[in-house]
Amino acid sequence: MSVLLLLLAAALVPAAEPIVIGEIDSRTGQFAAQGSAIHQGVALAVEEANARGGIAGQPLALLSRDDEGKPLRAVAAAEELTGRHGAVALVGGYVDSLVGPVAEVADRARAPYVAAASLDERLTARGNRYFFRVSSLRAYVDVTTGVVREVFKARRVAILYSHTPGASQLARRQKEVFERTGIHVAVFEPFAPGLSDFTPLLARVRDQGAEVLLSDTFFADHLLLVRQMGQSGLRVDAFLGAFGLEFPGVVLDLGPASEGLYGTTSWQPDVNWAGRERESRLFVAAYTRRFGRAPVPLTMHGYAAARAVIRALETLGGGAITGDRLREALARVDLETPLGRVKFDDHGDPVAYERVVVQIQNGRHVVVYPPNHATASPKYPAR
């Protein structure tokens, strides 16, 4: 056969049909920073899988949609991806006001959904067989209450929390633990994310003499809270933010005012679980080559969620990819990632998700709790 005929024959061989994975994240709006970080982790995991040859020779196609931080946009995107584009699975998501509606669409479409950042206990309690997630509320409750009891030994605390589902549940669980252990919750107040004036709430914290302020809200709210604390002259022995204070942007945006702040994290480039340092370094190197900068912590959540979907696809073998087959494969996933072991219980919750408490010391995040993971001693009172 001539070279020309061989080239013609090759050209007539149909390309393998791509396997579509749908991703929904906030790329604009109030959660744009978090959603973009998760998106990049998802994209990197898919690109790595395609570089390895895809799934049994079939490439993966990642279709990403921006929910703009709006639940209705998230629902429309989930319906489009599962209906019009035939996505075999959905991945991504930050805050349960967005994750919850997507989970309902996934349930109706019988398409597995692996959420990257979700805490609402109701989502895994209501029997949605297609919902999985790589984070859990328990880990947040354990470390935020543990450091207050064991390290700060505070007697009066204040809890300010966003009224989103996950943050509200976290605040209630913290309050239960504190009251059970004799710590007085002097202030317990919800607010809407994006509030522009925290001074009335901060005045209550001051008037009630709280030693520690737990801030169960998001990156932008933390920044404003800290700035308005400074303007009002409020000083507490520790400010502990549940979500977002692990971002490098905290130091960049707040400068010296960031010193001493406490946050939580499950992973970041210089915070690794023992035994996973090499895999973490490889991830950071691959991410930096791809995006030209170091990853932020939430990127790893997107990466781990997408890796779970990809591993499930790899174990299917031949045959049609149905939602039920992929769902059963996800239920069997047991995967080591830099985030830790990714394995789900019977309700779709992760069985091994962990977080640690970090403090900003000399412009860097260092792990201060729990003691078996600490790389530095906590500075308390922090200011």
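Author: A nonpolar core is a set of buried Ala, Val, Leu, Ile, Met, Phe, Trp, Tyr and Cys residues joined through side-chain atoms within 4.5 Å. The model discussed here is predicted.

Reader: How many residues has the largest nonpolar core?

Author: Nonpolar side chains tend to be buried together in soluble globular proteins. Here, L60, Y94, L160, L213, F243 and L313 have the most contacts inside the largest core. The size of this core is 88 residues.

Reader: Which strands are the edges of the open five-stranded sheet?

Author: The order is β2-β1-β3-β4-β5, with parallel pairing. An edge strand pairs on one side only. That holds for β2 (60-66) and β5 (131-133).

Reader: Which residue of β2 stands opposite G22?

Author: Strand β1 covers residues 19-25. Seven bridges join β1 to β2, and the two run parallel. Opposite G22 stands L63.

Reader: Is D270 buried, partly exposed or exposed?

Author: D270 sits in the loop between β10 (262-265) and α11 (277-291). Its relative accessibility is 46%. Buried needs under 20% and exposed needs over 50%, so D270 counts as partly exposed.

Reader: Which residues does D270 touch, not counting those up to four places away in sequence?

Author: F131 is 31 Å from D270, C-alpha to C-alpha, and 139 residues apart in sequence. The residues D270 touches are R364 and H365.

Terms used. Residues are numbered from 1 along each chain as its sequence is written. This is a predicted model: local features need pLDDT of at least 70, side-chain atom pairs count only at pLDDT 80 or more; totals for chains, interfaces and linings use all residues. Side-chain values use heavy atoms; hydrogens and water are left out. Helices (H or I, at least four residues) and strands (E, at least two) are DSSP runs, numbered from the N terminus. Buried means under 20% relative accessible area, exposed over 50%, partly exposed in between (1.4 Å probe, protein chains only). Contact means heavy atoms within 4.5 Å. Two strands pair if DSSP finds at least two bridges between them.
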